[in-house]
Structures are given as structure tokens and as C-alpha cells.
Amino acid sequence: MTLQVHITQLGSAQRVLLKDLRFTVQPGHILTLMGPSGSGKSSVLAAIAGTLNHVAEGAQALRAQVSVQLNGQDIGALPTAQRGVGLLFQDPLLFAHLTVAENLLFAVPPGPRTQRWAQVQQALTEASLQGYGERDPATLSGGQRARVALMRALLAQPKALLLDEPFSKLDAALRDQFRAFVFDHIRARQIPAVLVTHDTADIAEPEHVMQLNHAG
Amino acid sequence: MTAFRLFWSTTLLLLAGGPLLAVAGLALASLFDATAWHALWQDPHALPALALTLWTGLASTVLAWWLSAALLAQGFVRQSLGRLLRGLPVMLATPHAALAIGLVFLLAPSGWVLRALSPWLTGFEFPPPWPTTQDPWGLGLIVALTAKEIPFLLWTAATQLQRDDVRQRWRSEHALAQTLGYSPQRAFWRVVWPQLSARLWWPLLAVLAYGLTVVDMALVIGPASPPTLAVLAWQWLQDADLAVNAQGAAAGGVLALALLAAALLWRAAQGLSARSGHALNGVRGAAPPPGNTSKSERVPVSFHLLAGLYGAVLLALAVGSVAGVWPFPRVWPEAVTGQAWQRVWDSRDTVGTTLGLALASAALALAWSVAWLELAPRRWDTALRPVLYVPLVLPAVLWVVGLYHLALWWRLEGQWLGLLLAHTSMVLPYVLLTLSPAYLGFDARYAALSASLGHGPWRFLWRIKWPLLRRALAASAAVGFAVSVAQYLPTLYVGAGRFNSVTTEAVNLAAGAQRSLTSAYAGLQFVLPVLAFALAAWLGAPRRFKGSRS
């Protein structure tokens, strides 16, 4: 699976954030987008996932002219729910009214109950969280929550993964661990990923880095 | 914006904005009647009534404002705000009329206070002929209004202080001011209070509006001859003579002008005190006595006094509702009887009407608010807000005139549907006001996340967003329920006297001598909202997880 993105223009009514950005990410590879805050890094991810209207509303509504191809198929016109693009944010955003296991189950596609639960158990094991399924997500540590968030994104079987500074809120030791955890999973599943960060230590593949600057 | 959203936003806008604007327009239109204004000018009662209105409204607002500020200062400095707030819901849920009735039973010449002191201290064997409740100076009304508005102001201040970002910033600014040598108290007044009070302008305006235009409370505990202008207007509105009705509407217009003038006056006074430079005179204030730290985290005594007053009022209503023969100066009734409650049960239609209206109007308002906040563009919402708040700032006597005209127009006067319309128009602003901070503050990334997991919008709403907002949804519905239960003027006026609610019964009975029946209805008026809030707390309680320690 290959992710091809071409953003002709991205910006609000008042100003253009960026123009003519194109990149291709091969399966199992991670492209790192870098740039100062306000350069539109996160908006690029939102444009790919089709969530621009969720993230910015009101006066600064952002618009993008974007073409997104996943494995040769144009998904740019599809609603987010049908794009098959997973998202990971700075905060784990675990649903507070669901247990850890229910959070994961929410992501598993429909199917026989036992199979879905088996996938949840498998994911918990992969995240070294066996026995934590019944827990309130608020009782997990920061690193545990981050792992659950990744497993939840992966359980939806995304065809590509977008990472919006997912390491920036973790402390240094955890950050290295979790970064390796995320990258390993992406490579193991052979899906393309785009990572947005302002920290050079986060760079996944030095040969796949793009720098974003102010376009206007 | 998609066509779907545009269509539904427009529909919702017309559904709420249309009737509200129509009511406001009809109310204002009724003011264009020169003869009515002339009659009002000629009426010998009008001017003294207006003077009483200004006196009671302004005095109670100033008192409530500064007492609340003092409580907040102590609560903030001693970090006991959290505990202080725990006592608030019961006070907030107490309807105005019930509080007034309970206060009358405490303060009246034959009330509990004098019974407790007689005859051993006062020597009274009979109730003295004192005008302690419907006193001509409006003191009873001022006490009642102040006691009722302090919890409201505290609660609105608390909603500001409970926002994490705001609280942390103010805490650190407060600490910073102390490093500059200001005492904790002084640091609050110089740094935190100016920022906090600026955000309390709209709640203050609501308090001012209520104090100047209240009818039900003034009927119970306010002066009688002359009464306040709002009560006078209400009496004129109920007159059989149309010319007198118009005079009542004009009096409502005078109240609106009085409110406007008072608001401007308040603003001017605030501006003057800000420009005096008093806040920047550099006076540091006395250092707190050493060893004071052990006393910190204590709730201020004055708050206990307020809570005690509410407790006494509720006890007076509870005891009064089962009291049989109760001669002065006995502290407790000689006989206990369930007669009053039996009579309440016999006319359970009254309770049924109250419940039905409250449930229906709260449900309607909640459904509308959720749909509106979910669908309407933010700019529309901002534009609609002033219209929605019109029922809150327009004098109630004027508002019911507009409501009545609209009901006449739609042939709904004296009908349940008309009552529902009237109640919903009052309930809607409160529900939207209490729901919107949480609803609009909901992290938009959850929607993106849920969609990225492959779920459609409905599934997101039902499985994620609404469950996560359960508490705010339940609380705002309960607020709507309580507002509906407390409605007095719309129920009587739009219902054309054909419908009785717990509140109309309590207020109407308060003028008579049936202490036990009055207490029973006033008690019910209090119990129904409290039950609603308890139910909301239960429904909105965060989920309990197995095996977690928190």
C-alpha cells in the first residue's frame, strides 16, 4: 500500500499556509514532516484524513485542495470514516466512559463477538497490558495510555497511519520506548505513515524528511 | 456547510428565534399606548411603587454582590471553594417563592424566631403587632432576594473558577502578587477579583433584573400598600378593564427602563472606581497573623450562616406542613396532622400539571439545544444568543404580556400547549446557558478520531459524545425542570387561570391563613427540583469501573 499526497493549496480565507506540497510514502515507511508551529503541519494530516472541518471551525476555517491516493485509489472525496486512515494525536484521547478493553473494541470492525474480543486481547498482549482490560483508562500511566491509543488506531485496520506529534507529551525515557513501539508496529504491518513533529529526535527515517516553511 | 446542516440550522433558528422575537415584539408593541402612559403617570401609587422597586432591587443586588464577593475572597484565599460549592445545589434548587414563604414563617410576628424567644426573653404571650414580613420598607423582600441571589452569584463565579486553565492562571497570579508583598486577601482583591467580576457582568444583570421585576416573592414577603411596581403591574394586568391592562403593560415598560438605567448606573460606578486608581495605590495590606495556616481550608462562617438560614426555612416548611393546632408561643405544634398533604393528594392534578409541564418543556429545550449546538455554525450561535437572553432580562410582567398575545394569536390561551410554549420560552435560555460550555468545549479531535476508526456521525454521537457529556446533559435538563416548576406569572396568565401548578398554589395560598397547606405546596415546590437534581446527579455520575482504585 502506497500513500500519495498532493496538496495544491491549503489555507484559510485570510492566508495561504502552503502550496504545491507533494509526497509519496511507501508501505512500511514513515515520512517525517517538520516545521515551526503555525506552518500547517497538523493541517496537512487533517487534509489527508478529511477532518479539517472537525479541527478548525469558525473564522479560521481551513480549506484544502488536495488529492490523496491510497494504493492508487483516490480517497480524497470520501468521508473520513471510509478513508481507512488512522490518526494518533498528541493526547491519547481514550474515551473516559469506556474501559480500556471497550476503547479497543470500539475500533475493531464488526464481526463475531468472540473474534472481536480475541483481537482486543491480542492487542492488550502486544501492548504488555494483559489484565488491564477492565480498568478505567484514567488509572493507566501516561506510557500505558499512549500504547492503548496506538493499538486502538491499529485495530481499525487502517491502510495508512497519521501521527500528529504523538510523542511530545511523554517524558524523555518513555518517549524513546514509545517511539520504537510505534515504528515497529508500522513496519510490521507494512502500512505507510506520516509523522508530524518539531523535534529532530523523532525523525524516523533521515532520508524521508520534509521541511515545511511559511508559504505566505 | 452541507445542505443538511444548513436546512436543519435554519429550521432550528426559526423554531426558537421566531416565537421569541414575536413575543418580544408583541410585548414592546403593547407599550405604544399614550393613554396608558398618561393613566400610569396620573396614578398616585405608581411613583411610590417605583421608588420601592428601585430601593429593594438595588439594595438586594448590592448586598448579594458584595457578600458573594467576600465569600469568594475567603474561599479563594483559604482554598475552600470546593467545599463551599458542595452546599450550593440545594440552595440553587430552592425556588424563590418557597424561600419567601419559609422566611415569612420564620420572621412573622407569630413565626419561629419570636416563638423561640417568647415568652422567656420578650415577655410576649401573643404575637406582637409588628410589620416584620410585609414591612412597608421592603426589608423582608431585600433579605429574601439577597439570600436567594448569593448562591446564584457564587455558582456562576464557580463555573469560571473551575475551568482548569483559568484557575491555574489566577492561582499563579495570586501567588505572584504575594511575592510582591501583598497579603493574600489584598492580592485577591487587586488581582483576581477585577478579572473575575468582569466575567460576572451578565449574571449580575440577571440578578438586577430579577430584583427589580420579581412578582412572586414580592407578593409573599414584599410590602403591600403600596407594593413594588412589578406587583402593581401584575395586579393591573389581571384587571377586567382593558385600559387598566394597558396601564399594567406600561408599568412593565417603566420596569424595563428602570433596569436599563440601573445597569448603566452600575457600569458607571464600576468605571469610576476603576479610574480612581485605588487598585494601584500600592497598599500591601496587613500580613495574615502567623499560625493562621491551621485555620485554612475552612469554609467562611458567613456561608454557614446562609446555609443555616436555608436549613431553617426548609425545616419551617416541613414542620409547618404537618402542623395542626399551634398556639403562640409554643415552639412546636401541639398536634401533628397529615391533612394538608391529604389535600395536596386530593388535588394531585396540580402536581401532575407541574410535572408534565416541567418534563415536557425541559425535554423540548434539551432536544433543541443539543441539535442547535451540534448543527448550527458558531457564528449563528453567537448571533442568536442576545435574542435567547431576552426573556431573562425583560421584566417578567412585560414578557407575559407578549406571551399572552402570541398565545391569543395562535388560539392557545388557556390551553396546555400554550402553557408549554410559555414555559419552554423561559426554560430554553437556561438550558442552553448551562449546556453550552461543556458542549462547545468538547474536544473536536474525538470526532476526527472516531471517524478515523471507521464510525459514522450517529454512532459517534450515541456511543462517544453524548455518553461523555452525560453529566452536562443531565444537569441542564434538571435546571430546565427547576425553572419550569418555579414559573408563576406565565402559568397563571397564559393558562388564563385554568391551570394550577405547585407554584401558583403556594403563592396564592401564602396570602391566606392556611399555614399547613401553604407549607405543603411550598415544600413540594422545593422537593420537585431537588428530586430532579438528584436524578440528574445519579444519571450523570461518572461510570464506576471494576478493579480501579479511583
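**Group meeting: a predicted two-chain model**

I start with a strand pair: strand S4 (residues 63-70) of chain A runs antiparallel to S5(A), and two bridges join them. Strands here, and helices too, are DSSP runs numbered from the N terminus, with at least two residues of E for a strand and at least four of H or I for a helix. Two strands pair if DSSP finds at least two bridges between them.

Some housekeeping. This is a predicted model, in which local features need pLDDT of at least 70 and side-chain atom pairs count only at pLDDT 80 or more, while totals for chains, interfaces and linings use all residues. Residues are numbered from 1 along each chain as its sequence is written, and chains are lettered from A and ligands numbered from 1 in the order in which they are written.

Back to the sheet. S4 and S5 belong to an open, antiparallel sheet of four strands in chain A, in the order S2-S1-S4-S5. Its edges are strand S2 (16-25) and strand S5 (73-74) of chain A, each of which pairs on one side only. Helix H1 (residues 41-49) of chain A packs on this sheet and touches strand S1 (3-11), S2 and S4 of chain A. The direction of H1(A) makes about 120° with that of S1(A); axes are lines fitted to C-alpha atoms, for helices over the stretch in contact, and angles run from 0 to 180 degrees between N-to-C directions.

One residue of S1 in chain A is A:His6. The cut-offs are 20 or more other C-beta atoms within 10 Å for buried and 12 or fewer for exposed, with partly exposed in between, and C-beta atoms placed from the backbone. Beyond four places in sequence, A:His6 is in contact with A:Arg22 and A:Ser67, contact being C-beta atoms, placed from the backbone, within 7 Å. From A:His6 to A:Leu21 there are 15 residues in sequence and 5.8 Å in space, C-alpha to C-alpha.

Next, the parallel strands. Strand S8 (residues 193-197) of chain A is mostly covered, with five of its five residues buried. A:Ala193, A:Leu195 and A:Thr197 point one way, A:Val194 and A:Val196 the other. Strand S3 (residues 30-34) of chain A pairs with S8(A) in the parallel sense over five bridges, and A:Ile30 stands opposite A:Ala193. Strand S7 (residues 160-164) of chain A is also parallel to S8(A), joined by four bridges; there A:Leu161 has A:Ala193 as its bridge partner. From S7(A) the chain passes through helix H6 (residues 172-189) of chain A to S8(A), a right-handed β-α-β crossover: seen with the strands pointing away from the viewer, the path from the first strand over the helix to the second runs clockwise.

Now chain B. It has 27 helices and zero strands. Along its principal axes, the C-alpha trace of chain B spans about 70 × 65 × 55 Å. Of its 550 residues, 44% count as buried.

Last, the interface. In chain A, 26 residues are in contact with 26 residues of chain B. Helix H2 (52-55) and strand S6 (85-88) of chain A each supply at least two residues of the side that touches chain B. The largest share, three residues, comes from S6(A).

Key
Two residues are in contact if their C-beta atoms, placed from the backbone, lie within 7 Å.
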